[in-house]
Amino acid sequence: MEVEEEVKRMVEEVKELHDSAASFISSSSHQELTLRQKASSVDASLRRLHSTLASDKSLDPKLEEDLHRARCMLADGDLSSFLPSKPQGRFVRMFLGPVNVRASRKDIQLKVKEEYNSYRDKTALLFLFFPAALMILRSFYWDGCLPAFPVQLYEAWLLFLYAGLAMRENVLRANGSDIRPWWLYHHYCAMGMALVSLTWEIKGQPNCVQKQRGVHLFLQWAMMQGVAMLLQNRYQRQRLYTRIALGKAKRMDVVWGETAGVDGQLWLLCPILFILQGFQAYVGVLLLRAALTGVVAEWQVMVCGILLVVMAVGNFINTVETLMAKSRVKAKMKKSKSRAELNHTS
């Protein structure tokens with residue numbers, strides 16, 4: 001009898017707990033809907049005011065800074081989970097299906113970003129080490145001729161690297177990060193190039209140097225890219241923390257290398273980026289010329305050449321646009337400062 005009464009009591013407790021949970025979910029769903037509506041209304045009003053300030057140049061530029069800080073407060077706290085989410089890209093849906101990758105809590109979103117930064121730090125070192133090791137082994141152990149397997153292993157790693165970056169950046173974008181669409185497209189192009197190069201036959205002797213010239217140039221560019229990635233990772237953190245402290249950026253934002261750092265850092269990084277982009281285009285043109293003149297007849301050479309040129313041009317345009325945006329922000333800050341000094345003296 002005691003066991004039967006205990007079972008009945010536990011069944012009643014489970015029913016009561018179930019009813020309490022259902023009531024809580026119902027009430028919290030109603031509160032969530034109210035918060036979503038208010039957050040969406042405030043976000044729309046902020047966007048409308050931003051358009052008004054952008055069209056009316058006679059207004060005080062300080063108003064735009066205050067409005068931007070308000071938008072960062074709205075999008076950077078716990079309220080951000082109630083804002084309308086960005087649509088998930090096809091890339092995420094292709095691999096994960098119709099799964100919602102938007103985190104409901106800010107601390108989880110920030111952990112996603114920390115993992116992304118850690119992934120970039122690790123891959124930057126490998127991006128420099130892997131091609132450097134291949135070039136050293138080529139010179140001292142392989143008699144100037146790269147075997148096919150290590151090169152294809154490197155290309156498979158590149159495919160994994162860019163697929164991982166693209167997946168993480170799509171997830172960050174769905175969680176409110178300001179990653180530019182071009183960087184996603186860039187990584188899609190890089191994935192395509194790595195996939196195509198896996199089918200590229202690496203030929204050896206005779207005339208190994210001539211046959212593998214495109215591979216050698218690409219490895220040299222990859223080493224330069226590794227150095228640039230290390231500089232970007234270092235400078236962007238410093239600049240991002242400063243912008244967050246000033247209320248000019250959200251904690252989920254990602255600031256790329258060409259926008260990072262103070263003026264001295266910018267003067268160091270920009271020439272490296274432009275040299276990289278020029279060298280990338282140069283390698284692409286050499287591959288295209290080799291394919292068109294019949295020196296290397298494989299179709300993979302032409303496809304890789306086209307993708308390298310497209311990525312180089314896209315990177316150059318994106319870097320120039322970033323620098324122009326940075327100069328416009330500096331001009332607005334100087335204008336606002338001069339107005340404040342004029343009002344103070346009057």
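## Reading a helical model, step by step

Tutor: Let's start with the overall picture: 40% of the 346 residues in the protein chain are buried. Keep in mind that this is a predicted model.

Student: Okay. What secondary structure does the protein chain have, in helices and strands?

Tutor: The count is 10 helices and 0 strands. Read from the N terminus, the elements go α-α-α-α-α-α-α-α-α-α.

Student: Let me pick helix H1. How far does it reach from its first C-alpha to its last?

Tutor: Helix H1 covers residues 2-55, which is 54 residues, and it reaches 78 Å. At 1.5 Å a residue you'd expect 80 Å, and the model comes close to that.

Student: Which residues are buried in H1?

Tutor: Ala39, Asp43, Leu46 and Leu53 are buried there.

Student: Now salt bridges. What's the general idea, and how many does the structure hold?

Tutor: In general, side chains of opposite charge can pair when their charged atoms come close. This structure holds 3 salt bridges.

Student: Which residues are linked in a network of salt bridges?

Tutor: That would be Glu6, Arg9 and Glu13. Arg9 bridges to Glu6, with the closest N and O atoms 2.6 Å apart. Arg9 also meets Glu13 in a salt bridge, this time at 2.7 Å from N to O.

Student: Why are Arg9 and Glu6 separated by about one helical turn?

Tutor: Here's the rule: an α-helix has 3.6 residues a turn, so residues three or four places apart point the same way. Arg9 and Glu6 are 3 residues apart in helix H1, so about one helical turn separates them. Arg9 and Glu13 are 4 residues apart in helix H1, so they too are separated by about one helical turn.

Student: And how much relative accessible area does Arg9 have?

Tutor: Arg9 has 40%, so it counts as partly exposed.

Student: Which residue forms a salt bridge with Arg168?

Tutor: Glu115 does, and the closest N and O atoms are 2.9 Å apart. This pair links distant parts of the chain: Glu115 sits in helix H4 (residues 106-140) and Arg168 in helix H5 (residues 148-174), 53 residues apart. Glu115 is partly exposed with a relative accessible area of 39%, and Arg168 is partly exposed with 24%.

Student: What about disulfides: how many does the structure hold?

Tutor: A disulfide is a covalent bond between the sulfur atoms of two cysteines. The structure holds 0 of them. The cut-off for buried is under 20% relative accessible area. Cys189 is at 18%, so it counts as buried, and Cys304 at 3% counts as buried too.

Student: Where is there a nonpolar patch on the surface, and which residues form it?

Tutor: Look at Met94, Phe95, Leu96 and Val99, which together have about 410 Å² of accessible area. Of these, Phe95 lies in helix H3, residues 90-96.

Student: Last one. Which residues does the UniProt annotation "transmembrane region" cover?

Tutor: The unreviewed UniProt entry gives residues 123-141, 153-171, 266-287 and 299-325. Now set two of those spans against the model. Residues 153-171 are 100% helix and 0% strand, with end C-alpha atoms 27 Å apart. Residues 299-325 are 100% helix and 0% strand, with 39 Å between the end C-alpha atoms.

Technical notes: Residues numbered from 1 in each chain as written. Predicted model: local features only at pLDDT ≥ 70, side-chain atom pairs only at ≥ 80, totals over all residues. Heavy atoms only, no water. Patch = residues over 30% accessible without salt bridge, like charges linked within 9 Å, V, L, I, M, F, W, Y side chains within 5 Å. Areas by Shrake-Rupley, 256 points an atom, 1.4 Å probe, with all protein chains shown as cover. Salt bridge = Lys/Arg side-chain N within 4 Å of Asp/Glu carboxyl O. Helix = DSSP H or I, 4+ residues; strand = E, 2+ residues; numbered from the N terminus. Expected span 1.5 Å × (residues − 1). Buried < 20%, exposed > 50% of the residue type's maximum accessible area, 1.4 Å probe, protein only. UniProt positions renumbered as here; feature names shortened; annotations may be inferred. Disulfide = S-S within 2.5 Å.
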